[in-house]
Each structure stands twice: as structure tokens, then as C-alpha cells.
Amino acid sequence: MVTQYKNHISGFYDWDQLEHADEWLLFPKNIGKHLSIDEVAITNGELYTVLTNKAAKGLKGAVIAIVAGTKAVDVTKVLNTMPEKQRNIVKEVTLDMSNSMEAIIKQAFPKAAIVTDRFYAQQLVSEAVQEIRIILRREALKQENIAIKKARAEHKIYHPAIYDNGDT
């Protein structure tokens with residue numbers, strides 16, 4: 001039954017994207033004003049660039065393009081097969097901070113505003129705060145060790161400062 005479906009009923013062999021489906025898929029009818037682009041690792045390190053329509057919210061009609069790899073030249077070549085008029089309806093594309101993704105959008109959707117996904121901005125801020133926290137913690141430990149050594153040298157018992165939250 002599966003063979004019957006694939007070979008005759010499904011139209012698989014008449015599919016207009018069969019010839020290049022292992023390299024890229026393009027669904028121009030799904031394009032909209034607000035898009036997202038990102039790279040996705042499927043298996044064994046295979047990377048794909050995926051362009052989606054945000055209005056579809058991940059449901060039917062969300063996928064605009066899936067292209068093997070992340071090279072701007074390769075992805076742009078596929079996206080530029082869509083008519084320029086159609087690509088110009090895109091107003092905004094959300095992406096990570098990848099230079100490759102930015103280059104793709106600038107070339108394929110030159111009229112679209114580029115928006116950095118807030119997740120990546122938040123991640124950068126979080127990493128910066130963590131770095132500062134570690135530096136301050138090391139400095140606090142250093143000062144505490146100095147105070148402990150000083151107390152021992154003076155034959156006194158070291159009493160750390162206790163903060164309102166109970167931390168020392």
C-alpha cells in the first residue's frame with residue numbers, strides 16, 4: 001500500500017521540487033510581512049537555513065524555505081528565485097546575531113528591517129552580568145582571605161559581615 005501511495009496516489013514523482021528537494025525547498029506562497037530566519041542542525045552536523053512566516057505561528061504555511069547549509073551565497077541564490085516584487089513585501093526579519101543570516105536578509109530582502117531576536121540579546125546581557133558577578137565574587141573572596149589572615153596574625157577570631165539576607 002505504501003508503494004502504491006508513493007508511486008501513484010501522492011504525486012511524489014510529479015512534485016515540482018523533487019529535482020532539488022535534497023538541497024532546498026521553497027514555498028513562496030507562504031511569504032508574509034514578518035519573517036524569521038535561523039539555522040537548524042538536523043542530524044550528524046547537517047545544518048539547514050530555515051525561513052518562516054511568523055504569522056503562521058509554526059502551523060501550516062509557516063515554512064517559506066529550507067536550504068541545506070548556511071552560506072549566504074547559497075541561501076540567497078535560492079531565495080532570489082522568488083520574484084523581487086514578492087520579496088519586497090517583507091517588512092521585518094527576526095534573526096540571531098549571525099553575520100551569515102544578516103547577509104542573507106540584506107541580499108534577498110533589501111527593504112526589510114533586520115531585528116535581533118530578543119533571546120540572543122538577553123543571552124548576551126546575561127553572560128555579561130555573569131562575568132561581572134564572577135569578577136566581583138573573586139574580589140570578595142580575596143578580601144575575605146586577607147581579613148582572615150589579618151585576624152590570625154593578630155590572634156583574633158575572624159567574624160565575617162552578615163548581610164540582611166543571611167549571606168556572609
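Biologist: Which residue takes a positive phi in the hairpin of β2 and β3?
Modeller: N44, with a phi near 50 degrees; that hairpin has five residues between its strands. This is a predicted model, where local features need pLDDT of at least 70, side-chain atom pairs count only at pLDDT 80 or more, and totals for chains, interfaces and linings use all residues. Residues are numbered from 1 along each chain as its sequence is written, and side-chain values use heavy atoms, with hydrogens and water left out.

Biologist: How many bridges join β2 to β3?
Modeller: Seven, and the two strands run antiparallel. Strands (E, at least two residues) and helices (H or I, at least four) are DSSP runs, numbered from the N terminus. Two strands count as paired if DSSP finds at least two bridges between them. In this pair, I37 stands opposite L51 of β3.

Biologist: And β2 with β5, parallel or antiparallel?
Modeller: Parallel, over three bridges. S36 has T94 of β5 as its bridge partner. β5 is also joined to β6 by four bridges, again running parallel, and there V93 stands opposite I114 of β6.

Biologist: In what order do the strands sit in the sheet?
Modeller: The order is β1-β4-β3-β2-β5-β6, an open sheet of six strands with mixed pairing. From one strand to the next, the twist averages 20 degrees.

Biologist: Helices next. Which strands does α2 lie across?
Modeller: β1, β3 and β4, and α2 runs at about 140 degrees to β4. Axes here are lines fitted to C-alpha atoms, for helices over the stretch in contact, and angles run from 0 to 180 degrees between N-to-C directions. α4 lies across β2, β3, β5 and β6, at about 140 degrees to β2.

Biologist: Which residues of α2 are buried?
Modeller: A72, V75, T76, V78 and L79. They are on the same side of α2, because they cover an arc of only 160 degrees around the axis; the arc is that of the directions from the helix axis to the C-beta atoms. V73 and K77, on the other side, are exposed. Buried means under 20% relative accessible area, exposed over 50%, and partly exposed in between (1.4 Å probe, protein chains only).

Biologist: What covers those buried residues?
Modeller: The cover includes β1, β3, β4, α3 (84-87) and α4.

Biologist: How many residues has the largest nonpolar core?
Modeller: It has 22, and L35, I37, L51, L79, V93, I104 and F109 are those with the most contacts inside it. A nonpolar core is a set of buried Ala, Val, Leu, Ile, Met, Phe, Trp, Tyr and Cys residues joined through side-chain atoms within 4.5 Å. β2, β4, α2, β5 and α4 each give two or more residues to this core.

Biologist: What is F109 in contact with?
Modeller: Leaving aside neighbours within four places in sequence, F109 is in contact (heavy atoms within 4.5 Å) with I31, L35, L51, L79, M82, R87, V90 and I104.

Biologist: Different topic. How many salt bridges are there in the whole structure?
Modeller: Two, from a search of the whole structure. A salt bridge is a side-chain nitrogen of Lys or Arg within 4 Å of a carboxyl oxygen of Asp or Glu. E102 meets K106 at 3.1 Å, N to O, and E154 meets K156 at 3.5 Å, N to O.

Biologist: How far apart are E102 and K106 in α4?
Modeller: Four residues, so about one helical turn separates them. E102 is partly exposed, at 29% relative accessible area.

Biologist: And is K156 buried or exposed?
Modeller: Exposed, at 54%, whereas E154 is partly exposed, at 38%.
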